[in-house]
Amino acid sequence: MYKPVRVAILGATGAVGTELLNLLEHRDFPVASLKLLASERSEGNSLTFKGETLLVEAVTENSFRDIDLVLASAGGETSKTWAKSIVASGAVMVDNSSAFRMESEVPLVVPEINPETAKYHKGIIANPNCTTILMGIAVYPLHRVQPIKRIVVSTYQSASGAGARAMEEVKVQSQAILNGNPPQTEIFPYPLAFNLFPHNSPLNHEGYCTEEMKMVNETRKIFNEPNLRVTATCIRVPVLRAHSESVNLEFYAQFSVTDARMIVANSPGLKLVEDWTKNYFPMPMDASGRDEVLVGRIRQDISHPNSLELWICGDQIRKGAALNAVQIAELLIKERWLCSANK
Ligand code: A2P
């Protein structure tokens, strides 16, 4: 039995925040006390945890006193604003934002891939980008057996990646279009209902958007392979929840499809989903609300003897965000790494 910890969720009212609350309850996380933090907009709103009603508080300088663990999912700016106070208070922050992911002293952790790196945190541990986690957990077990030379990935990303309000926007847009009205946009730059568009994060001088570069750089950091060749095309699709990815892996030598299937079927956090007679493979609807990343359609790339094709779907809010963060926290507790430099 582990000593219960005093937890705060920063961004508790958001899509990932509410999933964090749900996971803490259903995974029997050792919670001594729970504080729900969000912006002033949500102050006084209530959420339930284990049958108890908890009031949401607006985050302030004093919010992190007597807190051991902060699970943050309120955007990069909010994480940057409060990181110092969190660390100074002696708490450890598991941060779902991109604010600190590429900083050298901040571990970027997927517990199934690089759990040992979490030990060296200095008060902040970063949770990787959702598309990176989903791809990483699916391909790392193969990489461990036979090194990957190059990854070419295309994503099909649901609205949930842009938060609860974006999910609502797609529903409202769908209704408007079905009623013959023009769809309104507020969160997304273009209508997503009955449409798709390349990920709308800022573009760099080479034409890659930030989301694509996260997949490149974060995968290299998590795999501890600074020279791994990765190229990504990220697309937003009108799916509410769960991202899909088409992944082409080039290995340094041939990798048999049979071996790849066996490895996927036996790796933690993955589920092999393939029924070739029914053309049934992973779908976002099936991945939604599940902990495992679904992997299937594993086949030999007919254009290259050393390459395999994979199709994966994973719940962006679960393994892509909240679940991975909770697993990091569980790892910290289990290994007794939940102490910051200030305690
Ligand atoms: P609020 O509901 O008060 O706006 P999502 O990713 O689903 O959009 O959720 C974002 C989460 O981050 C929400 O809980 C939101 O709270 C919270 N949040 C956004 N901006 C801030 C801020 N400046 N300070 C604290 N929490 C914030």
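I take helices (H or I, at least four residues) and strands (E, at least two) as DSSP runs numbered from the N terminus. The model is predicted, so I note that local features need pLDDT of at least 70 and side-chain atom pairs count only at pLDDT 80 or more, while totals for chains, interfaces and linings use all residues. Residues are numbered from 1 along each chain as its sequence is written, and side-chain values use heavy atoms, with hydrogens and water left out.

**Entry 1: the largest pocket**

I looked for pockets on a 1 Å grid over the protein atoms alone, a pocket being an open set of points with protein on both sides within 12 Å along at least five of seven lines, a cavity being a set where a 1.4 Å probe fits but cannot get out, and lining residues having an atom within 4 Å of a point. Points are joined across faces, edges and corners, and a volume is the space filled by probe spheres set on them. The largest pocket holds about 1300 Å³, and among its 46 lining residues Ala74, Gly75, Gly161, Ala162 and Gly163 are the closest to its centre. I find at least two lining residues from each of helix H1 (15-26), helix H2 (76-88), helix H4 (164-178), helix H5 (210-223) and helix H8 (318-334). Domain 1 (5-128 + 321-334) and domain 2 (132-316) each give at least three residues to this lining, the bounds coming from an automatic or database domain assignment.

**Entry 2: the largest cavity**

Which helix gives the most to the lining of the largest cavity? I noted H8, with three residues; H1 and strand S5 (69-72) are also among the elements that supply at least two. This cavity has a volume of about 30 Å³, and its lining includes Val16, Leu20, Val94 and Asn96.

**Entry 3: the seven-stranded sheet**

I traced an open sheet of seven strands in the order S9-S10-S8-S11-S14-S13-S12, with mixed pairing, where two strands pair if DSSP finds at least two bridges between them. Strand S9 (197-198) and strand S12 (270-272) stand at the edges with a single partner strand each, so one side of each has no neighbour in the sheet. S9 pairs with strand S10 (residues 229-236) in the antiparallel sense over two bridges, and I see proline 198 opposite isoleucine 235 in S10.
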